[in-house]
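The following exercises ask the reader to work through a single protein model step by step. Each task is followed by a worked solution.

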Amino acid sequence: MTTKNNIFIWKDTEAASIAAAYFFVTECHRCIAKKGKFVVALSGGNTPKRLYQLLASPEFSRNIPWNNIFLFWSDERYVPQTDADSNYRMVKENLLDHISIPLNNIFPMPVNSTPKEAAKEYETTIRHFFKNKRNVFDWLLLGLGEDGHTASLFADTVILKEKKRFIKEVWVKQKQTWRISFTLPLINKATQIIFLVSGKEKATVVADILTHKKKYPALPSQLIKPVKGTIYWILDEQSAANI
Ligand code: 6PG
């Protein structure tokens with residue numbers, strides 16, 4: 001198992017978001033030329049908002065063949081899609097409402113049954129989409145919490161031990177809420193994993209991860225070890241201050 005960390009440091013959140021947007025554009029063209037589609041898992045939270053706004057802007061959007069792009073979510077808060085906490089709503093407001101992409105290319109995580117059933121349903125969706133073949137995302141965007149969580153992989157949660165399932169429901173006691181999340185087996189199958197991180201509050205955890213600081217137990221983000229893929233870190237100077 002090899003992971004090659006590509007670390008890119010930019011002046012601020014805006015510059016890092018622009019870099020991520022250009023990366024998205026170049027990689028989608030490379031991938032579509034090779035296999036006709038680009039399968040993406042989007043992250044929630046605040047950091048990627050600017051990236052999504054840039055991808056939706058004419059400058060970038062006119063260079064993105066949205067018909068060949070397929071959008072999934074790497075995690076979701078188990079709330080209605082209209083809820084202010086919904087990752088789907090955040091992506092809809094910052095990206096989907098501003099681009100022309102076929103509805104069939106968009107795969108929100110379901111939030112209209114129970115967390116357990118929703119996780120099973122999304123797992124079926126993913127396996128069906130990939131026709132039960134390699135289930136490999138081309139471009140998997142992740143954020144990073146100050147506590148080292150990513151997606152909805154929080155410390156001391158059962159999902160961290162999941163070895164078979166690709167999607168699981170998780171009760172996040174730290175947030176007192178249910179979430180649906182990609183598991184480590186699914187994330188680690190991805191071809192490109194992109195951590196987009198900004199802000200001085202992330203400097204300590206970024207340094208812990210990128211200096212391979214021994215943490216017991218390991219931080220959830222330290223468990224992101226792509227089997228064949230590559231991890232890219234797109235950071236601003238504040239979050240990279242300690243490396
Ligand atoms: C979520 C994300 C979560 C996020 C981190 C960082 O649903 O919130 O999946 O893992 O990426 O918490 O969030 P910020 O970008 O808001 O700092």
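The exercises below concern this predicted model.

**Exercise 1. The largest pocket**

Task: State how much space lies in the largest pocket, which residues lie nearest its centre, and which classes of residue line it.

Solution.
- Step 1. The space in the largest pocket comes to about 600 Å³.
- Step 2. Its lining consists of 28 residues, and those nearest the centre are Gly44, Gly45, Asn46, Arg77 and His149.
- Step 3. Two elements, β4 (75–77) and α4 (87–94), each give two or more residues to this lining. Helix α4 provides the largest share, with 4 residues.
- Step 4. Sorted by class, the lining has 12 charged, 11 polar and 5 nonpolar residues.

**Exercise 2. Cysteines and disulfides**

Task: Determine how many disulfides the structure holds, and decide whether Cys28 is buried or exposed.

Solution.
- Step 1. The number of disulfides is 0.
- Step 2. For Cys28, the nearest cysteine sulfur belongs to Cys31 and is 8.6 Å away. A disulfide requires two cysteine sulfur atoms within 2.5 Å, and Cys28 is in no disulfide.
- Step 3. Cys31 is likewise in no disulfide, its nearest cysteine sulfur being that of Cys28.
- Step 4. Buried means under 20% relative accessible area. Cys28 has 0% relative accessibility and therefore counts as buried. Cys31, at 5%, also counts as buried.

**Exercise 3. The largest nonpolar core**

Task: Identify which residues touch the most other members of the largest nonpolar core, and list the contacts of Phe137 beyond its neighbours within four places in sequence.

Solution.
- Step 1. As background, nonpolar side chains in soluble globular proteins tend to be buried together.
- Step 2. The largest nonpolar core has 84 residues, and Ile69, Leu95, Leu96, Phe137, Ile167 and Phe182 touch the most other members.
- Step 3. Helix α1 (residues 13–35) gives the largest share of this core, 10 residues.
- Step 4. With neighbours within four places in sequence left aside, the contacts of Phe137 include Val39, Val40, Ala41, Phe72, Ile126 and Phe130. Further along the chain, Phe137 is in contact with Phe182, Leu186, Ala190, Thr191 and Gln192.

**Exercise 4. Thr47 and Gln53**

Task: Locate Thr47 and Gln53, and classify each by its relative accessible area.

Solution.
- Step 1. Thr47 is placed in the loop between β2 (38–42) and α2, while Gln53 belongs to helix α2 (residues 49–56).
- Step 2. The relative accessible area of Thr47 is 18%, so this residue is buried. Gln53 has 33% and is therefore partly exposed.
- Step 3. Not counting residues up to four places away in sequence, Thr47 touches Leu196, Val197, Ser198 and Lys202.
- Step 4. Gln53 and Asn132 are 79 residues apart along the chain, and their C-alpha atoms are separated by 33 Å.

**Exercise 5. Backbone geometry**

Task: Describe the peptide bond from Tyr216 to Pro217, and state what phi values Ala151 and Asp156 have.

Solution.
- Step 1. Most residues other than glycine have a negative phi, and most peptide bonds are trans.
- Step 2. The bond from Tyr216 to Pro217 is cis, with omega near -5 degrees. Pro217 is in the loop between α7 (203–210) and β10 (230–236).
- Step 3. Ala151 has a positive phi, near 50 degrees; for Asp156 phi is also positive, near 65 degrees.
- Step 4. The loop between β6 (139–142) and β7 (167–172) holds Ala151, and Asp156 is placed in the loop between β6 and β7.
- Step 5. Ala151 is buried because its relative accessible area is 11%, whereas Asp156, at 65%, counts as exposed.

How values were computed. Residues numbered from 1 in each chain as written. Predicted model: local features only at pLDDT ≥ 70, side-chain atom pairs only at ≥ 80, totals over all residues. Heavy atoms only, no water. 1 Å grid on protein atoms, 1.4 Å probe; cavity = no way out; pocket = protein on both sides within 12 Å on 5 of 7 lines; lining within 4 Å. Points joined across faces, edges and corners; volume = space filled by probe spheres on them. Nonpolar A, V, L, I, M, F, W, Y, C, P; charged D, E, K, R; others polar. Buried < 20%, exposed > 50% of the residue type's maximum accessible area, 1.4 Å probe, protein only. Core = buried A, V, L, I, M, F, W, Y, C linked by side-chain atoms within 4.5 Å. Contact = heavy atoms within 4.5 Å.
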